[in-house]
Amino acid sequence: MRVLSVASEVYPLVKTGGLADVAGALPQALAPHGIEIKTLVPAYPGVLDRLHPRENYGSVADLFGGPARVISGRTTSGAEVLAIHAPHLYQRAGGPYLAPGGADWPDNGPRFAALGWVARLLGLGLLGSWQPQIVHAHDWQAGLAPAYLALAGTARPATVITIHNIAFQGLFPYADLYELRLPPRAFTIDGVEFHGRIGFLKAGLAFADRLTTVSPSYAREIQGPQHGHGLDGLLRHRAGVLSGILNGIDTAAWDPASDPMIAERYDAEHLSDKARNAVILRRRLGLEPRPKAPLFCILSRLTQAKGIDLALGALHQILSGGGQLAILGAGEPLIEAAARAAAEAHPGQVVTIIGYDESLAHQFQAAADAILVPSRTEPCGLTQLYGLRYGTLPIVARVGGLADSVIDASDAALEDGAATGFQFAAGSVDALRDAIARALVLFAQPEAWRAVQRRAMSRDFSWRTPARRYAELYRSLVPA
Ligand code: ADP
Ligand code: GLC
């Protein structure tokens, strides 16, 4: 079966968050199921350099204001990619979505409409020789792909859209309808219209044959007003074709026993080797060398939704319990400033690194004893899964994929050996303090802590099970 995956980022070509990890890993996980996936991605600066070998796949004379070529190639991990080389849209300094000053690119409408449009051309067999039987769009940036295909009024491939985060919807003014190549008849409540504007995610959710999201809990949550961001009504209406599939992780890229980015490799039988990573990280970050102190970490986009303010609000609980905290992240300026201020107030005990650093992220996971993931909402979350794999016990809000992946160390769960971390009521700083206190109590009992670490490390969060679910979903649309 041939599937075109359409994503605005894919590891290891371009990554700002978990979407890239998922879009990068899923194709390889589906190969054993006889599913051949090519991933369509914009050629931002640097993307083409990372593809080998590179070949011209086809060209588009006018892709939203300029000519474009589609280049096929492979990533270092072997994934097949079709990259849209459209310099007028993608070749510019800055991020995939944000201009250097931090504001959205003013032409994000056409930039990502172009992604959907090329998916449409490929899907209809109008570009190149490889025609997918399914087009699988990810998030709002690819949301117009299912809409363009449904509106083409001709035989088309089946379509799937996966919601990685419903808070980002890609909303653009009605006046852009013509420029975005959408027919006026599509601007209705069961089409692309969302409160008077054009919604890219809305369009995908309205037109795709199947809708998925990245955890069972989030699939339920987004059907309600608190997490639905105005799309809950539509999702309830389409509940029959909506499912939640918990993400897997790339267990080769994230493996403490072979990770080339960490100082000392270890496994569940050699947990004392993990401590060496903490010694080195403390030295590197300028934390006081206190080998017996529990080291907590935060590794996250620094945004309101990620609940970083809650973690800073609970900082006293960590410090008074003798712990240290290392923060790595970037995001909203006010939250970055608060994280910096916490480090300045507690030199040697709290450290904040503002920035994005893939190998430091691995070193954090290898070194820390616990990782805080206090999100107010979390579709899946990957850092708690990496934490479990690295024996870095997650302290997570009971929400979305966090609730689905971590088993709270309640007395009962500790007794029967099921516990893998700590959960607390999302949004509550008191509940987070309590969870940190429980973690400190457990940490003070090394044997008990180690047992939970071993249990966490033994859980299977590979892509095996989720890949089977996606394969079943695809086969329900295109029987063999
Ligand atoms: P989201 O996609 O909402 O940001 P996820 O937990 O799904 O959250 O994925 C985050 C991904 O980004 C993980 O791979 C994590 O390791 C990585 N990450 C987040 N912040 C940083 C950072 N500052 N430096 C390096 N990697 C980061
Ligand atoms: C989004 C979500 C995150 C999820 C990731 C991959 O970025 O915020 O929870 O893990 O997508 O699906």
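In this predicted model, the buried residues of helix H9 pack against strands E13, E14 and E15 and against helices H13 (358–367) and H18. These buried residues are Lys274, Asn277, Ala278, Leu281, Arg282 and Leu285. They lie on the same side of H9, because the arc they cover around the axis is only 130 degrees. The spacing of such a set follows from helix geometry: an α-helix has 3.6 residues a turn, so residues three or four places apart point the same way. H9 itself comprises twelve residues, 274–285, and spans 17 Å between its first and last C-alpha, close to the 16 Å expected at 1.5 Å a residue. Just after H9 comes Gly286, whose phi is positive, at about 80 degrees.

Strand E14, residues 324–331, runs parallel to E15 and is joined to it by five bridges. Within this pair, Leu325 stands opposite Val350 of E15.

Five of its five residues are buried, so E17 is largely enclosed by the rest of the structure. In a regular strand the side chains alternate between the two faces of the sheet. In E17, Leu393, Ile395 and Ala397 point one way, whereas Pro394 and Val396 point the other way, and all are buried. E17 pairs with E16 in the parallel sense over four bridges, and Val396 of E17 is the bridge partner of Val373.

A further open sheet has nine strands in the order E3-E4-E5-E2-E1-E6-E7-E11-E12, and its pairing is mixed. Its edges are strand E3 (52–60) and strand E12 (242–244); each has a single partner strand, so one side of each is left without a neighbour in the sheet. From one strand to the next, the twist averages 25 degrees. Strand E1 (residues 2–6) runs parallel to strand E6 (residues 134–138), and four bridges join them; Val6 has Ala137 in E6 as its bridge partner. Helix H19 (residues 464–477) packs on this sheet, touching E1, E2, E6, E7, strand E11 (210–213) and E12, and its direction makes about 150 degrees with that of E7. Helix H3 (residues 108–123) lies across E1, strand E2 (36–42), E3, strand E4 (68–74), strand E5 (80–85) and E6, running at about 145 degrees to E2.

The loop between strand E7 (158–163) and strand E8 (171–173) contains Asn165. Its relative accessible area is 15%, which means that Asn165 is buried, the limit being under 20%. A polar atom of the Asn165 side chain lies 3.0 Å from the backbone nitrogen of Ala167. Beyond residues up to four places away in sequence, Asn165 touches Asp139, Tyr218, Arg301 and Pro379.

Notes:
Residues are numbered from 1 along each chain as its sequence is written. Chains are lettered from A and ligands numbered from 1 in the order in which they are written. This is a predicted model: local features need pLDDT of at least 70, side-chain atom pairs count only at pLDDT 80 or more; totals for chains, interfaces and linings use all residues. Side-chain values use heavy atoms; hydrogens and water are left out. Two strands pair if DSSP finds at least two bridges between them. Helices (H or I, at least four residues) and strands (E, at least two) are DSSP runs, numbered from the N terminus. The expected span of a helix is 1.5 Å times one less than its number of residues. Buried means under 20% relative accessible area, exposed over 50%, partly exposed in between (1.4 Å probe, protein chains only). The arc is that of the directions from the helix axis to the C-beta atoms. Contact means heavy atoms within 4.5 Å. A polar contact is a pair of N or O atoms within 3.5 Å; within protein, one must be able to donate a hydrogen and the other to accept it, and residues adjacent in sequence count only if both atoms are side-chain atoms. Axes are lines fitted to C-alpha atoms, for helices over the stretch in contact, and angles run from 0 to 180 degrees between N-to-C directions.
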